[in-house]
Amino acid sequence: MSRHFDTYHPAGYRPPAGSWASSDAIRKTMLACGSRNTRPEVRLRSLLHRRGLRFRVHLPPVNSVRRTADLAFTHWRLAVLVDGCFWHGCSEHFVLPATNGAYWSAKIEGNRVRDRATDAAFRRAGWTVLRVWEHTPVEDACQKVQAALAELRSTEASASVRERRGTLRTGLGLPVTAAVSGHRATNTGG
Ligand SMILES: [Zn+2]
């Protein structure tokens with residue numbers, strides 16, 4: 001267990017206070033699962049669930065990319081990734097380990113480059129990407145997810161109204177207001 005743990009965080013690394021990695025017991029349990037199901041991710045998932053939101057977990061939105069979204073709202077094509085402060089190089093909490101500095105520096109930089117490539121691949125496939133830091137309080141993270149969903153909903157609603165107006169102008173020639181109020185936007189939620 002401890003060998004496995006050491007491969008995840010270098011000697012001397014101090015995780016941010018209050019983070020999932022700040023307790024040795026939690027670290028050991030969580031790290032046994034690799035980078036999945038980290039404590040902030042699980043807490044975010046349960047809070048979103050309590051608020052009635054439904055989503056897929058660890059879904060690869062893009063088949064050609066070997067990365068998964070920690071949370072995926074498939075209807076809205078919203079991918080949420082919870083980034084660990086050490087592994088993703090958080091500007092507030094990442095501290096270069098005292099030993100093997102060059103190795104860790106290159107390693108974390110490589111992760112950051114890969115994160116940007118992942119975001120780009122998800123976006124090319126039509127997904128919106130939302131990254132939240134491990135250190136973000138769960139309420140704030142939940143708020144960010146809800147705000148992103150609200151924006152996607154309003155974008156879809158206005159797009160479908162525009163589409164209907166366009167159809168009606170060129171097709172039926174009915175007054176726009178009557179036509180729009182006679183049609184209700186339908187969506188099945190995310
Ligand atoms: Zn951080």
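## Sheet and nonpolar core

The model contains an open sheet of 4 strands in the order 1-2-3-4, with mixed pairing. Its edge strands, strand 1 and strand 4, each pair on one side only. On average, neighbouring strands of this sheet are turned by 30° against each other, direction ignored. Strands (E, at least two residues) and helices (H or I, at least four) are DSSP runs numbered from the N terminus, and two strands pair if DSSP finds at least two bridges between them. Angles run from 0 to 180 degrees between N-to-C directions of axes fitted to C-alpha atoms, for helices over the stretch in contact.

This is a predicted model: local features need pLDDT of at least 70, side-chain atom pairs count only at pLDDT 80 or more, and totals for chains, interfaces and linings use all residues. Residues are numbered from 1 along each chain as its sequence is written.

| strand 1 | 56-59 |
| strand 2 | 69-73 |
| strand 4 | 128-133 |

Helix 3 (residues 39-50) lies across strands 1, 2 and 3, at about 140° to strand 3.

The largest nonpolar core has 21 residues, and Leu78, Ala79 and Val80 are among those with the most contacts inside it. Strand 3 gives the largest share of this core, 5 residues. Such a core is a set of buried Ala, Val, Leu, Ile, Met, Phe, Trp, Tyr and Cys residues joined through C-beta atoms within 7 Å; buried means 20 or more other C-beta atoms within 10 Å of the residue's own, placed from the backbone.

Terms used
Contact = placed C-beta atoms within 7 Å. Buried ≥ 20, exposed ≤ 12 C-beta atoms within 10 Å, placed from the backbone.
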